[in-house]
Amino acid sequence: MRLKDYIEDRARLFNMGSEFSCPDWCNRVGCKDERLHVSISIIDVVAASLVTGQTASHLFCSHYKIGISPMDGNPWIQRFVLEMKKPCSFLAGKDCGIYGARPITCALFPEAFFLFPEREGGLDKGKFGHYPCLREPPAISEKRRSHIIELMEMARREAFLTEFYFFGFSPFCVDLRNTVMDVMEVSRHVSGNTGDGGRPYEVPHEAFEEILIRRLGRGGYLLEINSKVEGLNSPSGIEALYEIKKWTDSIEASDKDFPYCYEFDEGNRLKMVKRLM
Ligand code: SF4
């Protein structure tokens, strides 16, 4: 199975040349902290399925969730992502239960954050300053640096594949400005606050996420996503994913400057619109 070969190849890079290991005294806070969003790809779901022997669709429901990532820092334009549910239920004591098949994002943490703080969203010391592994930068050799860059490129291509597999389009971003009333309603429940008019009010991430998921559900997209994941329960489905990956890997797409995104229409179906740049 060729996708299995790819998964084994990338796993070989996970620790190659790395001098980082989780400190013994760390309580694996990054695997538990809901504020640390661990993005994953559809390949990570297949990798976990192959190593655990559980079906992709079972793992998808139990361990992963749909999340969002703001485009260019604009919370109203959100990019679809898959994430680990937190606390991660693969964690067994202090060990990752799928270590050799863990997501690339896990394998890159925290080295990539130190190497490319601007690309990785920076290290918010206010939020994550108590992480033992973030106190001192780990030593990163030139060789390791090249492996990290290679893994980051793999992760970028896998993100592209994931969106394409589910929606036939990547980057898959949704403009949520026409859902503002729903977002504010959910925001009130999440934070117990809608602003008093005097102070700037930041809508919680969870409010945008809940509205995206709710609208995807009402539009029938969640059923479609689940059925596509179900397709990965069989070797032929995995093989088909590999064929799609070969095609998406051949496309050089710029995520940042893509001028289109989607918004929900009144029937909660997605329609393409010009993206607010
Ligand atoms: S997959 Fe493993 S390394 Fe990643 S969050 Fe879960 S337990 Fe931690």
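This is a predicted model: local features need pLDDT of at least 70, side-chain atom pairs count only at pLDDT 80 or more; totals for chains, interfaces and linings use all residues.
## The chain as a whole

Let's start with the big picture. The chain has 277 residues, and 44% of them are buried. Its secondary structure comes to 12 helices and 8 strands.

In soluble globular proteins, nonpolar side chains tend to be buried together. Here the largest nonpolar core holds 62 residues, and the members touching the most others are Leu-3, Ile-42, Tyr-64, Phe-80, Phe-166 and Leu-241. Which helix gives the most to this core? That's helix α8, covering residues 142-167, with 8 residues. There is also another core lying apart from this one, made of 9 residues, including Cys-26, Val-29, Leu-36 and Leu-134.

If you skip its neighbours within four places in sequence, Phe-166 is in contact with Ile-42, Phe-60, Phe-80, Leu-82, Ile-225, Lys-228 and Val-229. Two of those partners, Ile-42 and Phe-80, are also on the list of core residues that touch the most other members.

## Around the ligand

Now for the ligand, which sits in the second largest pocket. Its surroundings are Cys-31, Cys-88, Leu-91, Cys-96, Pro-103 and Cys-106. What kinds of residue make up this shell? The shell has 6 nonpolar residues, no polar ones and no charged ones.

Is Met-152 buried or exposed? Its relative accessibility is 9%, and the cut-off for buried is under 20%, so Met-152 counts as buried. Met-152 and Ala-112 are 40 residues apart in sequence, yet their C-alpha atoms are 8.3 Å apart in space.

Ser-187 belongs to helix α9, which covers residues 180-191. This serine counts as buried because its relative accessibility is 0%. Along the chain, Ser-187 and Phe-208 are 21 residues apart, and 8.3 Å separates their C-alpha atoms.

Most residues other than glycine have a negative phi, and most peptide bonds are trans. A few places in this model go the other way, so let's take the peptide bonds before the phi angles.

The bond from Lys-86 to Pro-87 is cis, with omega near -10°. You'll find Pro-87 in the loop between β3 (74-84) and β4 (91-92). The bond from Ser-170 to Pro-171 is cis too, with omega near 0°. Pro-171 is in the loop that runs between α8 and β6 (173-175).

What about phi? Arg-28 is not a glycine, but it has a positive phi of about 60°. Arg-28 is in the loop between α1 (2-14) and α2 (29-32), and it counts as buried because its relative accessibility is 12%. Asn-268 also has a positive phi, near 65°, without being a glycine. Its place is in the loop between β7 (260-264) and β8 (270-274). With a relative accessible area of 11%, Asn-268 is buried as well.

Key. Residues are numbered from 1 along each chain as its sequence is written. Side-chain values use heavy atoms; hydrogens and water are left out. A nonpolar core is a set of buried Ala, Val, Leu, Ile, Met, Phe, Trp, Tyr and Cys residues joined through side-chain atoms within 4.5 Å. Buried means under 20% relative accessible area, exposed over 50%, partly exposed in between (1.4 Å probe, protein chains only). Helices (H or I, at least four residues) and strands (E, at least two) are DSSP runs, numbered from the N terminus. Contact means heavy atoms within 4.5 Å. A residue is near a molecule or strand if one of its heavy atoms lies within 4 Å of it. On a 1 Å grid over the protein atoms alone, a cavity is a set of points where a 1.4 Å probe fits but cannot get out, and a pocket is an open set with protein on both sides within 12 Å along at least five of seven lines; lining residues have an atom within 4 Å of a point. A molecule sits in a cavity or pocket if more than half of its atoms lie within 2 Å of its grid points. Ala, Val, Leu, Ile, Met, Phe, Trp, Tyr, Cys and Pro count as nonpolar, Asp, Glu, Lys and Arg as charged, and the others, Gly among them, as polar.
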